[in-house]
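Please look over the sequence and the structure, then read the points below.

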Amino acid sequence: MKIEIDHGRVIDPQHGLDRVTSLYVAEGMVAAIGGAPSGWRADRVIDARGMVVCPGLVDLSARLREPGFEYKATLESEMQAAVAGGVTSLACPPDTDPPLDEPGLVQMLKHRARSLNQAHVYPIGALTVGLQGIELTEMGELAEAGCVAFSQAEAPLSDTGVLLRAMQYAATFGHRVWLRPQDAYLAKGGVAHEGEVATRLGLPAIPPTAETIALASILTLVRSTGVRLHICRLSTAEGVAMVRAAKQEGLPLTCDVAIHHLHLCDVDIGWFDAQCRLVPPLRGTRDRAALRAGLADGTIDLACSDHTPVDDDSKQVPFGEAEPGATGLELLLPLTLKWAKEDGVALPDALARITTRPAAVLGSDAGHLDVGAPADICIFDPDQYWRVEPAALKSQGRNTPFIGLEVAGKVRTTIVAGHVVHEG
Amino acid sequence: MRNPQLNAAGDLTHLLTLEGLPAEIILRVLDTAVPFASIAEREVKKVPLLRGRSVFNLFFENSTRTRTTFEIAAKRLSADVINLNIGVSSTSKGETLLDTVDNLVAMNADMFVVRHSQSGAPHLIAAHLNRMGRTHVHVVNAGDGRHAHPTQGLLDLFTIRHYKKEFRELTVAIVGDVLHSRVARSLIHGLTTLGTPEVRVIGPKTLIPSAVQSLGVRVHHDMREGLAGCDVVVMLRLQSERMRGALLPSTGEYFKHYGLTGEKLALAKPDAIVMHPGPMNRGVEIESAVADGERSVILPQVTFGIAVRMAVMSILAGA
């Protein structure tokens with residue numbers, strides 16, 4: 001299959017490419033940029049005038065809900081949602097049922113995902129057996145089966161001794177560890193940020209110290225073990241400051257934020273809107289401003305969707321009983337563009353945060369458009385507005401706080417390994 | 001965002017919280033309750049305002065006292081009262097909260113009196129009814145989690161007005177477990193809306209929510225200091241599960257610091273009244289001599305509670 005993408009604004013953040021030109025795809029790779037290779041004969045020509053042509057998006061947190069939660073979403077529905085959102089590579093956290101703590105489960109997931117011929121799936125293995133925080137998993141076996149990193153997902157790891165050993169062991173073999181900093185005891189029972197909103201609504205609170213105390217432990221252990229660590233879903237202003245200082249010190253760290261936390265804060269809970277029941281909790285306006293600034297200055301390397309399909313029944317309950325999470329794969333691009341536009345971040349810099357940089361954290365060759373790169377490409381109209389509505393989403397999870405919002409950035413074509421997998 | 005308990009014309013359609021409720025509506029409830037308070041002294045204690053209406057007491061959390069006062073109030077208004085003690089087991093049977101509500105609406109319920117352990121549950125029900133176009137069905141919050149207990153707040157306001165006449169010169173102290181108290185939150189909103197210049201909360205740091213000043217109150221950790229010059233002292237109930245553990249070491253130490261004694265009450269104004277939402281833990285938050293003393297208005301609170309609940313139900317029903 002030879003595809004010619006004509007006259008689009010081709011942006012490759014990794015190589016500083018940003019100009020209107022044509023891009024040629026053959027044998028699953030980028031064959032040429034600018035002039036056609038000799039003897040070129042396209043099977044398919046895509047007119048990309050007025051469009052942006054960029055590397056396919058890389059999302060570091062997308063729950064596909066398989067195995068175990070097929071009533072909330074299936075691999076089929078969520079993989080469609082991914083490519084509809086321009087996402088061509090995604091990492092899925094291990095909090096499935098059972099958790100991804102055995103090579104067989106990982107192989108099965110990879111096999112199922114491959115057979116659908118859509119986005120590339122990178123499983124994150126469980127750091128401890130059953131995510132129980134007690135015994136280490138067979139990280140070597142899991143890595144061979146396809147796990148690119150190890151994490152506790154949202155399960156608390158309260159035993160600091162186990163955390164230290166998990167990091168030492170992972171560091172021995174160069175495995176990456178991804179952790180969301182949250183102190184199990186301080187967060188216990190909490191459902192909302194500790195502040196005016198939780199006080200008014202009488203919601204059990206999670207203080208910012210739940211993040212900073214855990215982050216302090218993690219950073220201290222990174223310093224002593226040298227493990228390659230990725231910090232997931234930062235939520236507080238103090239947390240951003242701590243990561244900034246740790247990076248200046250030279251610790252081997254990367255860090256992400258979920259798109260929801262760039263745009264929303266605890267005030268958006270209004271009168272108990274369960275769509276805003278998220279993990280970590282939406283925090284204050286000061287925290288949101290710090291997260292946005294941190295993403296702009298590079299303290300926070302990248303944004304992810306933290307895609308979590310939740311069924312309606314799990315949201316149509318009182319706030320504290322609602323299942324946390326929101327659908328996000330199809331909103332990663334528009335909400336990143338919205339942040340960039342509002343904060344004056346240039347388009348290539350914004351796209352780097354959802355392509356090149358997450359690809360680097362995954363250790364994947366995707367996320368750029370150099371000749372010879374895998375032909376994972378997203379073509380989108382940056383100026384087309386669309387309304388976020390349940391009917392407009394491919395994901396089986398229709399719950400998001402952004403329902404009703406008009407957003408700019410509509411994915412036209414998604415190409416994975418040289419094949420057109422989505423046209424919208 | 002429109003206040004979810006008012007309709008487009010600004011009339012009260014649900015009573016979910018006192019937060020954001022206009023002062024006129026609060027005063028209207030208090031005024032409406034005045035004649036109802038005297039009904040109790042008549043030989044025939046009934047008025048026909050809610051004849052033919054069905055009031056469902058939907059209690060997902062046990063409470064004999066509150067349920068009984070709502071039941072008496074509805075019966076004095078001649079409504080049919082159906083009590084449902086659902087407990088927490090209904091969800092384990094597979095029926096969701098909103099399924100339960102839909103079923104009862106199909107049985108022609110006119111009003112739900114809802115108590116639930118989760119903050120916001122009555123809001124969820126009210127929003128659901130509004131969305132389904134069931135605007136003739138009204139929701140009264142009878143206590144949700146730590147969030148609100150608006151009829152308790154109203155009866156507290158009624159009691160304060162009965163004894164003190166005016167809110168604009170009062171100093172009110174609320175003492176105890178403010179963190180877990182829906183009673184405290186509702187009373188604070190009611191008092192600030194009616195212009196009370198000084199509302200104080202008194203308790204240890206473990207039982208005072210971190211951002212409580214944003215509700216318009218002053219925080220005191222020393223009870224003697226907090227009681228000085230008060231017109232009204234509201235003691236909160238300490239739940240038995242909080243009497244020991246990481247929040248408080250013991251009831252004895254709690255009483256020593258935050259229990260109301262005659263000696264501490266002497267620091268308040270000479271005509272200060274003492275209130276308690278009940279049920280009381282004698283010797284934990286209040287000494288018997290004070291609870292039964294001449295400054296105590298705890299039993300009148302209970303009597304007024306029925307009148308206030310009658311007022312709320314009759315206003316919601318448009319009677």
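**Overview**

Of the 424 residues in chain A, 58% are buried. In chain B, 49% of the 319 residues count as buried. The model is predicted, and the predictor gives the complex an ipTM of 0.94 and a pTM of 0.96. For chain B, the mean pLDDT is 94, and 97% of the residues reach 70 or more.

**Chain A**

- Chain A has 13 helices and 18 strands.
- A compact globule of 424 residues would have a radius of gyration near 22 Å, and the 21 Å of chain A agrees with that.
- Along the principal axes, the C-alpha atoms of chain A fill a box of roughly 65 × 50 × 45 Å.
- Among the contacts in chain A with a separation of 6 or more, 75% are between residues 24 or more positions apart.

**Chain B**

- Twelve helices and nine strands make up the secondary structure of chain B.
- The box filled by the C-alpha atoms of chain B, taken along the principal axes, is roughly 55 × 45 × 40 Å.
- When contacts in chain B between residues at least 6 apart in sequence are considered, 80% of them join residues at least 24 apart.

**Domains of chain B**

- The domain assignment divides chain B into domain 1 (23-149 + 303-316) and domain 2 (150-296).
- The centres of domain 1 of chain B and domain 2 of chain B, taken over C-alpha atoms, are separated by 26 Å.
- Domain 1 of chain B gives 21 residues to the contact between the two domains, and domain 2 of chain B gives 22 residues.
- On the side of domain 1 of chain B that touches domain 2 of chain B, the elements giving two or more residues are α1, β4 and α12 of chain B.
- That side of domain 1 of chain B is made up of eleven nonpolar, six polar and four charged residues.

**Helix α2 of chain B**

- Helix α2 of chain B covers residues 64-76, and at 1.5 Å a residue its 13 residues should span 18 Å.
- The buried residues in α2(B) are T66(B), R67(B), T69(B), F70(B), A73(B), A74(B) and R76(B).
- The cover over these buried residues of α2(B) includes the helices α1 (23-39) and α12 (298-316) of chain B. It also includes the strands β1 (54-59), β2 (80-85), β3 (111-116) and β4 (138-144) of chain B.
- After α2(B) comes S78(B), which has a positive phi, near 70°.

**Contact between the chains**

- Chain B gives 24 residues to the contact and chain A gives 18 residues.
- On the side of chain B that touches chain A, two or more residues each come from α4 (97-106), α5 (121-131) and α7 (182-193) of chain B.
- The largest share of that side of chain B comes from α5(B), with three residues.
- By class, the side of chain B that touches chain A has ten nonpolar residues, ten polar residues and four charged residues.

Terms used
Residues numbered from 1 in each chain as written. Chains lettered and ligands numbered in written order. Predicted model: local features only at pLDDT ≥ 70, side-chain atom pairs only at ≥ 80, totals over all residues. Contact = placed C-beta atoms within 7 Å. Helix = DSSP H or I, 4+ residues; strand = E, 2+ residues; numbered from the N terminus. Nonpolar A, V, L, I, M, F, W, Y, C, P; charged D, E, K, R; others polar. Expected span 1.5 Å × (residues − 1). Buried ≥ 20, exposed ≤ 12 C-beta atoms within 10 Å, placed from the backbone. Domains from an automatic or database assignment. pLDDT = per-residue confidence, 0-100. Rg over C-alpha atoms; globule rule 2.2 N^0.38 Å.
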